[in-house]
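Me: I am new to this structure and would like to learn how to read it feature by feature. Could we begin with the surface and then move on to the helices?

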Amino acid sequence: MIEINWVAFFEVFAAALVAAVLVVGFYAIALRLMVRAGRAPVVAPAEFTDAISVMTSKEVRKAEKAAAKAAKRSPLTEGQKLVALIGAYACFGLCGLAVLGGIVLLVIGR
């Protein structure tokens, strides 16, 4: 007969749920802070042969121009932008620590 340890199952479920919420939450906050700091990430998409939609170079330039324009309109002072950028990097660091913590738990165990 197979016996399931439900307490251990729910511990793993809760840990995975909390870790996912933390990583996604800190990443979202970091991106928002980067935009507030005037450094909106604009990444040119990779070209794949089977891609459904690929941005043209004209569309990429347009997106970069819009990001630069949004950065100029920011109501924040330079000091506030610097604090937002430091906060963004801190949030990205917390994301990395959460992932590393999960890897350590998997490798070392309890």
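Reply: Patches are made of residues with over 30% relative accessible area and no salt bridge, where like charges are joined within 9 Å and nonpolar side chains (Val, Leu, Ile, Met, Phe, Trp, Tyr) within 5 Å. The areas come from the Shrake-Rupley method with a 1.4 Å probe, and for residues only the protein chains shown count as cover. Here L94, L97, V99, L100, I103, V104, L106, V107 and I108 form a nonpolar surface patch, and together they have about 920 Å² of accessible area. This is a predicted model, in which local features need pLDDT of at least 70 and side-chain atom pairs count only at pLDDT 80 or more, while totals for chains, interfaces and linings use all residues. Residues are numbered from 1 along each chain as its sequence is written, and side-chain values use heavy atoms, with hydrogens and water left out.

Me: Where is L94 found, and how exposed does L94 count as being?

Reply: Helices are DSSP runs of H or I with at least four residues, strands are runs of E with at least two, and both are numbered from the N terminus. L94 belongs to helix α3, residues 78-108. A residue is buried under 20% relative accessible area, exposed over 50% and partly exposed in between, with a 1.4 Å probe and protein chains only; L94, at 39%, is therefore partly exposed.

Me: How many salt bridges does the count come to?

Reply: A salt bridge is a side-chain nitrogen of Lys or Arg within 4 Å of a carboxyl oxygen of Asp or Glu. The count by this rule is 1 salt bridge, and K81 forms a salt bridge with E78, their closest N and O atoms being 3.8 Å apart. Because K81 and E78 are 3 residues apart in helix α3, about one helical turn separates them. K81 is buried at 14% relative accessible area, whereas E78 is exposed at 61%.

Me: At what angle do helix α1 and α3 pack?

Reply: Two packed helices are described by the angle between their axes and the distance between the axes. Axes are lines fitted to C-alpha atoms, for helices over the stretch in contact, and angles run from 0 to 180 degrees between N-to-C directions. Helix α1 (residues 6-36) packs with α3 at about 160 degrees, their axes 8 Å apart. Angles under 35 degrees count as roughly parallel, over 145 as roughly antiparallel, 65 to 115 as roughly perpendicular and the rest as oblique, so α1 and α3 are roughly antiparallel.
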